[in-house]
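This briefing is for a reader who is new to the structure shown here. Please look through the sequence and the model before reading on.

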Amino acid sequence: MRDAVSVALTVGAYGVAFGAAGVAAGFSVLQTGLFSLLAFTGASQFAAVGVVAAGGAGLSAVAAASLLSIRNALYSLQMAPRLEVTGWRRLVAAQLTIDESTNVGLAQHSLGPAAVRHGFWLTGTGVYVFWNVFTLLGAMGAKSLGDPAAWGLDAAVPAAFLGLLWPRLQDARVRVIAGVAVVFSLVMTPILPAGTPIIATVVVAVVGGWRS
Amino acid sequence: MSAALTWSVLIATSVLCYLIKLVGYFVPARWFAGERLQRINALIPVVLLSALVVAQALAVKTHIILDHRMAGIATALAALFAKAPFPVVVLAAALTSAVVYRWH
């Protein structure tokens, strides 16, 4: 329960950042709000609006977002046997299958299968509510500010990406991969069409993950 | 930014992301058991987020341009090294960038 509340509050802060990022990228407040209601997977949403903001093609934006959401398929594989949902509940469970709900759910493992299910549903629902409310607040706030640069919004968005990236850099090998990805996208920026260097860095992940 | 682009990105992303979430509830787990796939998948967020930082902080279309955003990102890095929580990191970056932007 405490886990679920603290996770939901942290998500609120990311929600504000996404709302602002969506509007800064040229999405309307309505579209930004719908993004969180329908896609409901933070990093992918950030990626989609990020590619659009960088001037990338729609296809690059959708591809980047989809690649980032593949981990949700791995989460749903983990949760399917534990939730044992059928019918329409399975469709709802799928939409709520994200980093937070899966990880809080699985963390209750020692307390038994009912606690796992409880943790998943509580966190998933809590995050859904917080993520959407705060996305809307962030989008409306950013809209009322006007020029994004005058309020630092154009730096807040990459800072939010950096904040999402940071906890993943514990491992030395992962830090090297991130460094290579940064250099790769710097080199590719003047060569490839706008927005495509982002999706092209997937090559770095494939090469880096090929051998253990 | 055309409305056609933003609407199509919104709809296509939402549909695909939902279908991807559905996968695990409908297909056998062994389809995803490959260790190589798991390793590559774990690295995808790392490389995409790294590239997004570059695209948003250092690039304008196809040019690398160092401006006020760079100051914001430097502040965000410092805040992260100091173990600041997420909202502080983002606000510090925004504040620094806005100050540098207005200065010029």
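This is a predicted model: local features need pLDDT of at least 70, side-chain atom pairs count only at pLDDT 80 or more; totals for chains, interfaces and linings use all residues.

Residues are numbered from 1 along each chain as its sequence is written, and chains are lettered from A and ligands numbered from 1 in the order in which they are written.

**Chain A overall**
- Chain A has 12 helices and zero strands, where helices (H or I, at least four residues) and strands (E, at least two) are DSSP runs numbered from the N terminus.
- The C-alpha trace of chain A spans about 55 × 50 × 30 Å along its principal axes.
- Of the 212 residues in chain A, 56% are buried (20 or more other C-beta atoms within 10 Å of the residue's own, with C-beta atoms placed from the backbone).

**Domains of chain A**
- The assignment gives domain 1 (2–165) and domain 2 (171–212), with bounds from an automatic or database domain assignment.
- The centres of the two domains, taken over C-alpha atoms, are 23 Å apart.
- Their contact takes 10 residues from domain 1 and seven residues from domain 2; two residues are in contact if their C-beta atoms, placed from the backbone, lie within 7 Å.
- Helix α4 (residues 58–68) of chain A gives four residues, the largest share of the domain 1 side.

**Nonpolar core**
- The largest nonpolar core has 101 residues; such a core is a set of buried Ala, Val, Leu, Ile, Met, Phe, Trp, Tyr and Cys residues joined through C-beta atoms within 7 Å.
- Helix α2 (residues 35–57) of chain B gives the largest share of this core, 12 residues.
- Domain 1 and domain 2 of chain A both give residues to this core, so the core lies between them.
- A64(A), A156(A) and L48(B) have the most contacts inside the core.
- Leaving aside neighbours within four places in sequence, L48(B) is in contact with residues including A64(A), L68(A) and I198(A).

**Contact between the chains**
- 65 residues of chain B are in contact with 85 residues of chain A.
- On the chain B side, α2(B) gives the most, with 20 residues.

Technical notes
A residue is buried if 20 or more other C-beta atoms lie within 10 Å of its own, exposed if 12 or fewer, and partly exposed in between; C-beta atoms are placed from the backbone.
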